[in-house]
Amino acid sequence: MPLVVPGITSNSGDKTEEWTNKLVGKKITEEPSSEINFCKRDLPEEHRVIQPGSMVTKDYKPERLNIHVKEDGTVSHVNHG
């Protein structure tokens with residue numbers, strides 16, 4: 001069975017995986033990106049930050065990045081849609 005290391009040996013070009021690696025565990029801020037923060041202006045134009053318990057529309061936009069954050073503001077996971 002071949003060795004598959006996501007982001008290195010896979011050629012899926014999965015944008016969700018790329019954004020997961022960039023954002024999970026960080027806070028979205030207006031400040032420049034660092035080890036603990038990610039600058040909001042570096043996000044794709046089509047995105048939304050979803051707070052815990054927030055209501056969101058169910059319209060599907062494959063290019064939109066959904067950024068789910070925890071109570072403390074750190075990113076828990078991301079998906080497209």
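Visitor: Before we start, what does contact mean here?
Guide: Contact means heavy atoms within 4.5 Å. Keep in mind that this is a predicted model.

Visitor: OK. Which residues does Asn37 touch, leaving out those up to four places away in sequence?
Guide: Asn37 touches Lys26, Lys27, Thr29, Glu31 and Pro32.

Visitor: Where is Asn37 found?
Guide: Asn37 is in strand β2, which covers residues 37–39.

Visitor: Is Asn37 buried or exposed?
Guide: Buried. The cut-off is under 20% relative accessible area. Asn37 has 12% relative accessibility, so Asn37 counts as buried.

Visitor: New topic. What is the strand order in the open sheet?
Guide: The order is β3-β4-β5. This open sheet has three strands, and the pairing is mixed.

Visitor: Which strands are at the edge?
Guide: β3 (47–50) and β5 (75–80). Each pairs on one side only. On average, neighbouring strands of this sheet are turned by 20 degrees against each other, direction ignored.

Visitor: How many bridges join β3 to β4?
Guide: Four, and the two strands run parallel. His47 stands opposite Leu65 in β4.

Visitor: And His68, where is that?
Guide: His68 is in strand β4, residues 65–69. His68 counts as buried because its relative accessibility is 19%.

Visitor: What is His68 in contact with, leaving aside neighbours within four places in sequence?
Guide: Ile50, Thr74, Val75, Ser76, His77 and Asn79.

Methods
Residues are numbered from 1 along each chain as its sequence is written. This is a predicted model: local features need pLDDT of at least 70, side-chain atom pairs count only at pLDDT 80 or more; totals for chains, interfaces and linings use all residues. Side-chain values use heavy atoms; hydrogens and water are left out. Buried means under 20% relative accessible area, exposed over 50%, partly exposed in between (1.4 Å probe, protein chains only). Two strands pair if DSSP finds at least two bridges between them. Axes are lines fitted to C-alpha atoms, for helices over the stretch in contact, and angles run from 0 to 180 degrees between N-to-C directions.
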